[in-house]
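Welcome, and thanks for taking a look at this one with us. Please have the viewer open as you read.

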Amino acid sequence: MVSSDENTKADFLDLSNGFKQKCSALCLTNGDVALAASDYDRAIDLYSAAIDMDSTSDVVYVNRSKANLGKMLWEDALLDAQEVTKLNPSSYVGYWLAHTALRGAQRYDEAIGVFTVMLSRLDNAPEAQIRNLRQQYVSPCEAEDTIRKAVWIELENSPLRLLNTSTGLLCNRAAQINSFKMSPEYKELLSSTTKHSDLRTERIKDVVTTYFRCVLLSHRWEETEALLHHIQDKVVYELNEIGGIVKLQSFCKIARNAGYRWAWMDTCCIDKHSNTELQESINSMFVWYRRSALTIVYLCDVPPSSQPGALARSAWNGRGWTFQEFVAPKVVLFYQNDWSLYLNDRSPNHKESPAIMKELEGATGIDAQALVSFRPGMSDARQRLQRASSRITTLQEDIAYSLFGIFGVHLPVIYGERKQNALRRLLQEIVARSGDITALDWVGQSSEFNSCLPADIISYAAPPCALPSLSEDEIQTAISSLRSIVAVEFASKLYALLENTNAPRFAHCRLHLPCIAFRVTEVKRRRGQATHFTYGVKADGLQDLLVTTDETLIQFSRARPTQQVFFLVRPWDRRLLELPDFSEQLDLTDEAESVGYWSESESESPSDDSDELASGSSGEEELSVDSEAHSRSLRLMVHLGQPFGALLLAQQRVGEYKRIASDHDIIAQVKDIAAIDNMDIRTLDIL
């Protein structure tokens with residue numbers, strides 16, 4: 001009887017176990033279906049039921065962990081992942097699931113540690129197929145190196161010292177990098193950069209750029225300002241609220257409340273006792289403002305609730321540095337002296353505010369669109385110098401240094417050299433790099449360094465010399481009249497000579513100026529001037545003209561000649577050739593004309609038929625080219641026949657000349673453009 005009961009019990013247990021296995025298998029199958037359909041709740045319930053029925057395979061825990069990850073149940077997913085590693089210690093899968101769960105729980109340091117263990121499991125796996133999986137992953141060290149490079153690229157064009165708006169501490173470059181490495185953003189990025197494909201994505205760059213977004217301040221220096229020694233190794237927010245400290249604290253709070261971690265203010269974020277740091281800062285200033293996430297303009301003389309027009313009247317508009325601080329950044333906000341937004345304009349970018357831009361347009365005399373789309377460089381040099389001529393700087397050399405970024409030049413910063421020398425170095429660089437002779441268009445006193453340069457930037461205050469221009473119809477009429485009186489070879493020879501003329505250049509404070517020179521034959525003083533002298537001047541090939549200057553000139557004529565040689569010269573301007581200037585970058589609107597946008601039909605080789613047509617018309621093409629070249633030469637002669645701004649030069653030593661500064665533009669005009677044999681094209685050395 002006992003034996004029969006035991007047999008019955010065993011049979012029952014076998015039936016029960018078989019039933020449980022079938023139920024477990026059914027739960028697993030349905031769980032897999034639910035997981036594939038992203039029905040995570042059902043998948044979790046089914047896998048849990050299978051586990052309760054003693055299904056202890058690591059695969060069940062793998063799949064339930066995945067379902068928990070889908071539901072962002074990080075702790076549950078982690079527990080399942082740990083069960084996987086217990087059941088199958090040699091498998092990398094449990095570690096990968098644990099890494100994912102820890103990342104989701106923002107336990108990044110632990111995630112990196114688990115990932116490192118996973119890599120070792122892959123390296124030591126007995127199966128070659130599993131070991132090969134290692135090739136798609138990168139180690140944390142490799143990821144860290146890639147992130148480090150991205151950080152250095154980002155900081156390369158950022159200020160050397162930045163204020164941490166969260167801590168209130170001033171941070172040098174090393175402290176900035178350390179702050180990033182301690183941040184959740186860095187740890188999340190490092191823990192998520194696991195595959196080689198991750199190294200090539202924009203995500204690393206985006207995370208780094210977002211973290212280091214910086215707000216810069218543009219302001220007028222006041223009587224007391226926060227300096228470097230006031231804040232170094234101190235918490236800005238804990239300093240006594242006096243003088244410039246209040247401005248600094250308010251600025252940092254505005255930046256922090258706007259969601260920015262870093263801020264920069266010129267008074268306290270530059271070590272002005274370090275020549276190297278000062279040099280780099282001044283030469284990089286335009287780029288720093290250009291790359292700022294936001295530039296805040298603080299108007300200390302604009303009270304709360306001001307009406308439109310207060311910005312235009314602010315002293316900020318007349319300072320030397322503030323022009324580049326406005327045109328360089330992409331996003332700008334104006335604040336009144338109580339740190340409320342100007343005109344209560346809450347738009348995210350005041351450069352897009354019609355009312356504010358209209359006010360700035362009136363204050364600066366610069367078109368609003370030109371202010372917004374400003375690009376640094378040498379173009380329109382004379383106009384840029386005119387804009388700077390009325391601005392004021394505390395240190396005299398800054399009138400030139402504040403223009404380095406505007407013209408895109410990098411030059412030594414030498415405080416104590418005086419403004420004449422600083423301006424001289426800037427103007428020499430402009431002329432040497434661009435060949436733009438409009439920088440020589442000024443009236444006033446000559447620099448002591450070179451007579452072709454002004455002593456003060458105020459000499460550019462007057463608008464550029466306004467000369468009459470011809471319409472296209474007038475040019476064509478003039479060309480038609482020249483065809484009958486000017487030989488082709490003479491016109492072409494003149495064009496070729498000028499086309500091959502070198503650009504102006506400075507060397508050892510001498511200007512080597514290519515020009516068309518007209519020998520002065522008479523200088524005669526006119527009566528009636530007390531403070532200035534006015535002279536009647538005659539020159540070969542030019543109409544008579546008047547020159548007003550502070551200098552006393554030798555009077556002479558053909559009848560009473562002098563040994564000293566005088567010239568009226570036309571500085572050579574290559575723009576008169578009307579050739580394209582490839583030194584300027586293509587506008588975006590012109591990019592479609594580049595080679596990359598040619599259609600196949602345009603780039604295909606001509607067919608045999610077209611070759612025959614081309615060979616048959618070669619003679620006509622040569623005639624067309626010759627005719628075009630002749631027309632171009634005559635166009636140049638027409639331009640040379642128009643009035644031009646001349647320089648009066650007086651010989652100092654053999655082969656060396658000095659410019660006679662004038663209080664008014666010297667406007668000259670040739671008598672007869674057809675008489676090209678009087679065109680004396682030469683390069684003169686001007687002291």
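## The chain as a whole

The model shown here is predicted. Its protein chain has 28 helices and 16 strands. Of the 687 residues in the chain, 45% count as buried.

## Helices α5 and α6

Two packed helices are described by the angle between their axes and the distance between the axes. For helix α5 (residues 93-104) and helix α6 (residues 108-123), the angle is about 165° and the axes are 8 Å apart. Since angles over 145 degrees count as roughly antiparallel, α5 is therefore roughly antiparallel to α6. The crossing of α5 past α6 is left-handed.

## Helices α8 and α12

Now turn to helix α8 (residues 140-155) and helix α12 (residues 203-211), whose axes come within 9 Å and cross at roughly 50°. At that angle, α8 and α12 are oblique to each other. Here α8 passes α12 in a right-handed crossing.

Which residues meet in this pair? From α8 come Thr146, Ile147, Ala150, Val151 and Glu154, and from α12 come Ile204, Val208 and Thr209. The contact of α8 with α12 has five nonpolar, two polar and one charged residues.

## Trp152 in α8

Helix α8 also holds Trp152. Is Trp152 buried, partly exposed or exposed? With a relative accessible area of 45%, Trp152 is partly exposed.

Leaving aside residues up to four places away in sequence, Trp152 touches Arg173 and Ile177. Trp152 and Arg173 are 21 residues apart along the chain, and their C-alpha atoms are separated by 9.6 Å.

## Cysteines

How many disulfides does the structure hold? The count is zero. Cys515, for one, is in no disulfide, and the nearest cysteine sulfur, that of Cys452, is 9.4 Å away. A disulfide needs the two sulfur atoms within 2.5 Å.

Cys515 counts as buried, at 1% relative accessibility, whereas Cys509 is partly exposed, with a relative accessible area of 29%.

## Two residues with positive phi

Most residues other than glycine have a negative phi. Two loop residues with positive values are worth a visit. Asp380 is not a glycine, yet has a positive phi of about 55°. You will find Asp380 in the loop between α19 (368-372) and α20 (381-388).

The other is Arg418, with a positive phi near 80°. Arg418 lies in the loop between α22 (404-407) and α23 (419-434). With a relative accessible area of 39%, Arg418 is partly exposed.

Terms used: Residues are numbered from 1 along each chain as its sequence is written. This is a predicted model: local features need pLDDT of at least 70, side-chain atom pairs count only at pLDDT 80 or more; totals for chains, interfaces and linings use all residues. Side-chain values use heavy atoms; hydrogens and water are left out. Axes are lines fitted to C-alpha atoms, for helices over the stretch in contact, and angles run from 0 to 180 degrees between N-to-C directions. Helices (H or I, at least four residues) and strands (E, at least two) are DSSP runs, numbered from the N terminus. Angles under 35 degrees count as roughly parallel, over 145 as roughly antiparallel, 65 to 115 as roughly perpendicular and the rest as oblique. A crossing is left-handed if the near helix is turned anticlockwise from the far one by less than a right angle, and right-handed if clockwise. Contact means heavy atoms within 4.5 Å. Ala, Val, Leu, Ile, Met, Phe, Trp, Tyr, Cys and Pro count as nonpolar, Asp, Glu, Lys and Arg as charged, and the others, Gly among them, as polar. Buried means under 20% relative accessible area, exposed over 50%, partly exposed in between (1.4 Å probe, protein chains only).
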